[in-house]
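Q: I have not looked at this one before. Can you take me through it?

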Amino acid sequence: MGAGPEGTAQDQWVADRDGLSSVLTERWGEPQWFSLWSLSLRAVEGGEDIPEPWAALSAYVPDVQVWRSDGRWIVLGIPLGAEDLPFRLVAAVTDVDPP
């Protein structure tokens, strides 16, 4: 994390994510890290139809923490370029497996 206003804001987003991640880890165990970069590349360059919510997530979030519980995925991440977005932390719950 860098110095300056952008670094300070991003530090806060990481702290928020890590705080929520700690709570989710207590409930569902250690998360897996899942890179979404390759999904974005597969959609853009290969024209692959990536299912939602993974397609939308891969457009903004480079990687996510995921937990699996009761047939669902719990997803948590920080969007890249979040200073231009109305949200700073992304959470999703889905029964669609990561592609």
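The chat below goes through an aromatic pair, the core, a serine and the strands.

A: Before we start, this is a predicted model, where local features need pLDDT of at least 70, side-chain atom pairs count only at pLDDT 80 or more, and totals for chains, interfaces and linings use all residues. Residues are numbered from 1 along each chain as its sequence is written, and side-chain values use heavy atoms, with hydrogens and water left out.

Q: How many aromatic pairs does a search of the whole structure find?
A: One. Rings of Phe, Tyr and Trp (its six-membered ring) pair if their centres lie within 6.5 Å; planes under 30 degrees apart are stacked, over 60 edge-to-face, and the rest tilted.

Q: Which rings are they, and why is the pair called edge-to-face?
A: They belong to Phe 34 and Trp 54; the centres are 5.8 Å apart and the planes are at 70°, so the pair is edge-to-face.

Q: Where do the two sit in the chain?
A: Phe 34 is in strand β1 (residues 32-35) and Trp 54 in helix α3 (residues 54-60), 20 residues apart. Helices (H or I, at least four residues) and strands (E, at least two) are DSSP runs, numbered from the N terminus.

Q: Is Trp 54 buried or exposed?
A: Trp 54 is buried, at 0% relative accessibility, while Phe 34 is partly exposed at 22%. Buried means under 20% relative accessible area, exposed over 50%, and partly exposed in between (1.4 Å probe, protein chains only).

Q: How many residues are in the largest nonpolar core?
A: It has 12 residues, including Trp 54, Leu 57 and Trp 73. Such a core is a set of buried Ala, Val, Leu, Ile, Met, Phe, Trp, Tyr and Cys residues joined through side-chain atoms within 4.5 Å. The elements giving it two or more residues are α3, β2 (63-69), β3 (72-77) and β4 (90-94).

Q: New topic. Where is Ser 58 found?
A: In helix α3. Ser 58 is buried, with a relative accessible area of 9%. A polar atom of its side chain lies 2.9 Å from the backbone oxygen of Ala 55.

Q: And the strands: how many bridges join β2 to β3?
A: Six, and the two strands run antiparallel. β1 and β2 also pair in the antiparallel sense, over four bridges; strands pair if DSSP finds at least two bridges between them.

Q: How many of the residues of β2 are buried?
A: Five of its seven, so β2 is mostly covered.

Terms used: Polar contact = N/O pair within 3.5 Å; in protein donor to acceptor, adjacent residues only side chain to side chain.
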